[in-house]
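Hi everyone, thanks for coming. Let me put it on the screen.

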Amino acid sequence: MFRFILRRLIVTVPMVLIVVTLTWGLIRLAPGNFYSGEKKLPAAIEKNIKAKYGLDKPWYIQYGRMMGNILRLDFGNSLKYENETVNDILLRTLPVSATLGVCAYLIALIVGIFFGTLAALKPNSKLDYVSMAMAMLGISLPNFVLGPMLVLVFSLSLYWLPPARWGGFPSWNLILPVLTLSAIYMAYIARLTRAGMLEVLRSDYIRTARAKGLSERDVIVKHALRGGLLPVVSFTGPALAILISGTVVVERIFAMPGLGNYFINANLNRDEPLIIGIVAFISIAVLIFNLLVDVAYAFIDPRIRY
Amino acid sequence: MNEETPPQVPAETGRSQDNSTRDAASPALTPRGTPAAPPIRAREGDEIHAFPETAVGEGDVRTAGARAEAVAGTSLWRDAWKRLLRNKLAVFGMIVVALIILASAFGPFVIRKTTGYTYDFIPADSKLIQSFPPFTAPDGSFSWTHPMGTDSAGRDVLARVLQGGRISLMVGIISTLVSLIIGITWGATAGYLGGKVDDVLMRIVDVLYAIPYMMIVIVLLAFFGGQSPLAQIFLLFAALGAVSWLTMARIVRGQVISLKNQEFVLAARAGGVSTPKIIFRHLVPNALGPVIVYATLTVPSVMLSEAFLSFLGLGVQAPYASWGSLSSEGIQNIAVFPWQLIFPGVTMALTLFSLNFLGDGLRDALDPQMRKF
């Protein structure tokens, strides 16, 4: 187990470097640059700008400097928000995105597991069909359609909830974005739970548990869920990938100052240090998170050995 | 191999690879279309061997083959088709998808002929350059001219939604094809060659799986996009295809591994068929069932990614429009002109919904053992 974790951590470093190199390469190969707009700059000014940002050095020195920054986890100053370092921006925006993501995932877990289990207990019943059709709807309805529609109903027509903006952690502002973000997770989790539970409920150890005379509630909560939720646990890895694109959209719709919103702006502004910083940070987060999921998997399912 | 094809099979589709596969695999079990069967049935019988070895185990193949022989002319594809038709949701999905494809293909012509509007037609009369609600004439009375209303420039939303459907469906289908080509080649090569090659190829897939690729696609489109609207669409095909082949590669690899030790491959090898030919003419056609199923489910997910990128302003650009970019425009005006978002958004959701149901139904019909999600 320890060796497995160590090996995975060692693999993480080159993978982050590959992702960052790819991103950096794309930025550098692209035509144009961040400082020239429509107008051509005078040569002297352009030279000064290049010198200031180290762009007059050969590419391998620039690349080496960027890599050094990443290994020290110091990404330098943003080009657009000049008096902030990339680390400042990460620290400021991460809590917003993390709050959205964690709340959305928790709600999705509760709702998804609940309906998935109910559907599995009575397969091919009305409840099963309705909840699976709802789940399919959740997978198919793009969040940028769902979000504005929720705003239209609950903010602009009923005036119940604020339509946008960040308002700190427990606040009414969170409800609509979290609902929008959690819809797709809910759907996936419900489907996964149903599939996993259907399989487990047929297995021998459930029959044993029933034969022992356990109540149906104990059979399901204590025995079946543990095996039936394994697919949900392994979904948590890919879920993070969905979360990244999900938060980008939700933060833009609801004007939230989160990581995703800044990432898009950084791309539109060609803010290289900020792009590299966010890409590196998210890659590290995704890889470590995937590792945690794998470790958790081994604890939950004793059949798995690394 | 092909010269040995039994002459009694009407190979009208030119699927010679299937024929050669058939007689090499299990000639005794071959369920053929009865001679009296209509041509279409014979063709389906012809294709049957593309499937049975793939998802089910050896024993199942035998029983399936035996059953198919007992009931004359019933192939596994035909069985699958029957199973699909029994699944109401899948049939619903199939009909809706067909209708939307037809509407996107021919709708714009019909609208141009009947009302004179095209997706980029802006009326010359400045009083018409504003957003009217659905079924409303400029004077507020009922009118059939704009069933989905007009957008802020006075353009017909229905024409734009149908035109957008062309782009969205095209991106979905072409990117899926790109992912199919990469995934099949990659997975089949890894699975057939095995050993070191397999290790390296599949390790690369594992590594790529863990990468938050959407971020790289965003960087790619932000920095290389915007050259020209047409180039942007091609960039989308390539980018989305290049990031969605991973699961396909895994599926094909698994199929090929389970197939490659069967007699028909041995026979082909003994007959001196080259390795690429064995992979692409003998193994891949036999792995088609799961590939079709997964491809059907890739189309909606690629369309969703395209819409997501277009929503961010990085995807399809004017004068072209997709459901994603139309929704993005609609969101700007949601408070006043909600129909600008609702129609493209709901059309898109309905399409994805139907495609997902169709894909699910196909999986249940073709490949009952692959049920996972």
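So, a question to get us going: what percentage of the 306 residues of chain A count as buried? It's 38%. Keep in mind, please, that this is a predicted model.

Let's stay with chain A for a moment. Along the principal axes, the C-alpha atoms of chain A fill a box of roughly 85 × 55 × 30 Å. And have a look at the contacts in chain A between residues at least 6 apart in sequence: 74% of them join residues at least 24 apart.

Now, how do the two chains meet? Chain A puts 38 residues into the contact, and chain B puts in 35 residues. On the chain A side, several helices each supply at least two residues, among them helix 1 (2-29), helix 7 (175-201) and helix 10 (230-253). The largest share on that side comes from helix 12 of chain A, with seven residues. By class, the side of chain A that touches chain B has 31 nonpolar, six polar and one charged residues.

Next, the core. The largest nonpolar core has 163 residues. Those with the most contacts inside it are A:Tyr185, A:Ile189, A:Ile278 and A:Val279, along with B:Val252 and B:Leu283. Helix 7 of chain A gives the most to this core, 16 residues.

Let me zoom in on one of those, B:Val252. Leaving out residues up to four places away in sequence, B:Val252 touches B:Gly183, B:Ile184, B:Gly187, B:Ala188 and B:Gly191, and also B:Ala287 and B:Val291.

Last stop: a pair of helices in chain B. The axes of helix 14 (residues 288-311) of chain B and helix 15 (residues 323-332) of chain B come within 7 Å and cross at roughly 40°. That's why we call helix 14 of chain B oblique to helix 15 of chain B. The crossing between helix 14 and helix 15 of chain B is right-handed. Who makes the contact? From helix 14 of chain B it's B:Glu306, B:Ala307, B:Phe308, B:Ser310 and B:Phe311; from helix 15 of chain B it's B:Trp323, B:Gly324, B:Ser325, B:Ser327 and B:Ser328. By class, that contact has four nonpolar, five polar and one charged residues.

Key
Residues numbered from 1 in each chain as written. Chains lettered and ligands numbered in written order. Predicted model: local features only at pLDDT ≥ 70, side-chain atom pairs only at ≥ 80, totals over all residues. Axes fitted to C-alpha atoms, helices over the stretch in contact; angles between N-to-C directions. Helix = DSSP H or I, 4+ residues; strand = E, 2+ residues; numbered from the N terminus. Parallel < 35°, antiparallel > 145°, perpendicular 65-115°, else oblique. Left-handed = near helix turned anticlockwise from the far one by under 90°. Contact = placed C-beta atoms within 7 Å. Nonpolar A, V, L, I, M, F, W, Y, C, P; charged D, E, K, R; others polar. Buried ≥ 20, exposed ≤ 12 C-beta atoms within 10 Å, placed from the backbone. Core = buried A, V, L, I, M, F, W, Y, C linked by C-beta atoms within 7 Å.
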